[in-house]
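Grab your viewer and let's work through a few ring contacts. Each exercise comes with a task, then a solution in steps.

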Amino acid sequence: MSPTMVEHNSLDVMYLNKYCNSSSSSSSSENDKKIWTKLKLNLAEEYPKKNAEILSGQYGTNLLLIGAALMLALAYHSPSVKEDHLLSFLTCLMILQLVWMLWYMLVRSRHKNARTEKDVHATTCWIRGGLTLLALLSMIMDVFRIGYYVGYQSCVSAVLGVYPVIHASHTIAQVHFLWFHIKDVIKSFETLERFGVIHAVFTNLLLWSNGVMSEAEHFLNNHKRRLSALGYGNLTIVHTEPQCNCSTSTCSMFSSSLYYLYPFNIEYHIFVSAMLFVMWKNIGRTIDLSSNRKRLATKTQGLTLGPILGLVALASTIGILVVYVTHVEGSVQTRRSAISMFYIYGIVMLALMCSACASGLLIYRADHMAPDSSKNPSRQLDTELLFGSSIGSWFMSWCSVVAVVGASSSPPYRWTNLIYSLLVVLEKCIQNLFIVESLYRREDDAGRVDPELVASPEIFSVTSSLAPPYSGIFNRAYDAPNRACVAIDNEQEDSGRVYKLAEVPKPFGSQVANAPNIKRRILKNIAVFLIMCNISLWILPAFGCRPQYENGLEQEAFGFNIWTTTLNFAVPLNLFYRMHSVASLFEVFRRV
């Protein structure tokens, strides 16, 4: 091989190596740039939806646990944790929620022209109206708290005066938010808004828990006083009155009136937290317009038997409540008579409710219809809350069954207590099934209307761009209202142009509007009756009619501490179940 060729080959190799190195370095630099660009984009974008849900959910859960820890320490009457600490924590949470709501409303007001998607199933006007009424009663309670603080301001913390002021402001702002923004489907600042909404959810849950704890402690102290008066032993009664004299003459009135308003405050906060949770689930959701439609106004034709029986049940409930509250403080025989009266009343009421729900289910079984499988977070939450809140009364009822069967004593209400407890379990099972069946039944298209879509203006078919004179068009369907609108053969001629009335098909379901369906009338009466019965069964325990504390059978089987702890867990869930059933049954009434 010649030296020239060798030199040439070595040059070629060097050239190739140089080319390859430059090519690989350029490609690696391009890859680095791509990776860096992708990393910057990922860092700039918001967290994915699932990560944001998990992070915000963990944040809210830890808020709840912090509040629960403070409440447990306060319930134990620990000297290290006082009521001031808990109220300060709740006040800070309410202020943070106020800041978020004001920021949210300010952002929405600046983008008035931007169209915001709304979930029409998130709530209804009557629910918001009911919550507004509960909010007014809660604000009256805040006024009583302020009056109580003014009387004892010389010896109590300033937090007791600041808390009701912040709570009243929080209530006003929250009611405004519920009326104008609770249906919003948030599509901007999703991660930030998730934390804001979940903060509001758990703030209301903590306010609910605080109300439940205060109301339970008050009722338990009254129960201990009754037991001590009857000679059942020495029980420790916690005195919460300040260690000074009231500067006004209304302190005792404010203090005693607070506990009559606690049930309304408790229901207000738990319902608001449920509605805000639906809003949290709707963040970033794509709304299905085919199922996102409002229904027409509900007709009330044929409502006779249901409202009458419901009013009778409500009136008898008020009578039972008055008699029970006045007689349970009396002698042993009078107290036993009051407890027996309650159980007999409860058996009759629950038996009628079971019969009504079973009748509704039989009507549904006879009328086969495909279930509605469209995505609806509000309906799903309603179902979950029904089953979840049923656990409290089921557990309480089975404890009563165990106590009655194994009891050594035999008071006159022993076996009525057993029947009542079994009927509570049965009634909730059947009522849950009836409500879920009603909520998941597909509705007729005739009973729904989409508020977002305007009606089509193409009623008349015109063969020219000019419109005919009004007197040249007539509707034969007006003369025969039972017939569908058919095409009119008569033609009007005007300047050589022909105008025809096009065929408009008769809407499906119009026969039902003209001749009301008997099954629907029955279902509406059942729904109204069940609404009134659930209101009645909410009133009794909410205002002090709780024979589970007084009959002594469960306390004999489980002991005072275990049984009172069980009741403190079960009674609030039972109260929420009854009020939530009222809301769900009203939705059933509207859907029928």
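**Exercise 1.** Find what the charged end of Lys 524 sits over.

*Solution.* Start with the criterion: NZ of Lys or CZ of Arg must be within 6 Å of the ring centre and within 35 degrees of the ring normal. For Lys 524, the ring is that of Phe 589, with the charged end 4.4 Å from its centre. Next, Arg 546 lies over the face of Phe 219, 4.6 Å from the ring centre.

A quick note on the model: it is predicted, so local features need pLDDT of at least 70 and side-chain atom pairs pLDDT 80 or more, while totals for chains, interfaces and linings use all residues. Residues are numbered from 1 along each chain as its sequence is written, and side-chain values use heavy atoms, leaving out hydrogens and water.

**Exercise 2.** Classify the aromatic pair of Tyr 259 and Tyr 262.

*Solution.* Rings of Phe, Tyr and Trp (its six-membered ring) pair if their centres lie within 6.5 Å; planes under 30 degrees apart are stacked, over 60 edge-to-face, the rest tilted. The whole structure has 22 such pairs. In this one, the centres are 5.5 Å apart and the planes at 40°, making it tilted. Now check burial (buried is under 20% relative accessible area, exposed over 50%, partly exposed in between, with a 1.4 Å probe and protein chains only). Tyr 259 is partly exposed at 24%, whereas Tyr 262 is buried at 6%.

**Exercise 3.** Do likewise for Tyr 324 and Phe 342.

*Solution.* Their centres are 6.2 Å apart and the planes at 55°, so this pair is tilted. Both residues are buried.
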